[in-house]
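Here is a short briefing on one protein model. Look over the sequence and the fold before reading on.

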Amino acid sequence: MATSLQERTETAVSAYRATQAELQRLSSTLAQLLTQKHENEIVKTEMDVLDSDTIVYKMIGPILVKQDPVEAKNNVEKRLELITREIQRTDDRIKEVSKDSEKKKATIVELQSMMMQQRSEAAKAAAKK
């Protein structure tokens, strides 16, 4: 019984570590998305103050290509919408994984408590002999 409890605890700890690794990855992704959003908001702000006759260039590889200012503005707005949706999706996933992590943590605490109780009972039984 003790080895089974030990194995269950080790399995639960491994699952918890995997969940924590996923949380770390998601947090990194979220930080990256927030940076992209901020950069695109700056671009949008700059594009909002442009005159209608201003020439806008788009970098494609190593070259700059002329682009219609209205099209460029629309591209930035669409990119912002996409990034915002991705941020929301990532944030939702972080909440979901955090809940799962807390459940796994509670399971580990419960299993460790059961192991301590078994050891205590074993020690009492050994002391009686």
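Which side chain meets that of E86 in a salt bridge? R89 does, at 2.5 Å from N to O. The model is predicted. In total, the structure holds 8 salt bridges.

- E86 and R89 both sit in helix α2, 3 residues apart, or about one turn of the helix.
- E86 is partly exposed at 27% relative accessible area, while R89 is exposed at 51%.
- K95 pairs with D91, their closest N and O atoms being 3.8 Å apart.
- These two also lie in helix α2, 4 residues apart, about one turn of the helix.
- K95 is partly exposed at 48% relative accessibility, and D91 is partly exposed at 27%.
- Salt bridges with shared partners join E22, R25, R93 and E96 into one network.

- The side chains of R93 and E22 form a salt bridge, 2.6 Å from N to O.
- R93 belongs to helix α2 and E22 to helix α1, so the pair ties together parts 71 residues apart in sequence.
- R93 is partly exposed, with 28% relative accessible area; E22 is partly exposed, with 23%.

**Largest pocket**
- The largest pocket holds about 150 Å³ of space.
- Its lining divides into 7 nonpolar, 2 polar and 2 charged residues.
- α1 (2–48), β1 (56–60) and α2 (69–128) each supply at least two of the lining residues.
- Among the lining residues are V43, Y57, M59, N75 and R79.

**Nonpolar surface patch**
- I55, Y57, M59 and L64 form a nonpolar patch on the surface, with about 460 Å² of accessible area together.
- L64 lies in strand β2 (residues 63–67) and counts as exposed at 55% relative accessibility.

Technical notes. Residues are numbered from 1 along each chain as its sequence is written. This is a predicted model: local features need pLDDT of at least 70, side-chain atom pairs count only at pLDDT 80 or more; totals for chains, interfaces and linings use all residues. Side-chain values use heavy atoms; hydrogens and water are left out. Patches are made of residues with over 30% relative accessible area and no salt bridge: like charges are joined within 9 Å, nonpolar side chains (Val, Leu, Ile, Met, Phe, Trp, Tyr) within 5 Å. Accessible areas come from the Shrake-Rupley method with a 1.4 Å probe; for residues, only the protein chains shown count as cover. A salt bridge is a side-chain nitrogen of Lys or Arg within 4 Å of a carboxyl oxygen of Asp or Glu. Buried means under 20% relative accessible area, exposed over 50%, partly exposed in between (1.4 Å probe, protein chains only). On a 1 Å grid over the protein atoms alone, a cavity is a set of points where a 1.4 Å probe fits but cannot get out, and a pocket is an open set with protein on both sides within 12 Å along at least five of seven lines; lining residues have an atom within 4 Å of a point. Grid points are joined across faces, edges and corners, and a volume is the space filled by probe spheres set on the points. Ala, Val, Leu, Ile, Met, Phe, Trp, Tyr, Cys and Pro count as nonpolar, Asp, Glu, Lys and Arg as charged, and the others, Gly among them, as polar.
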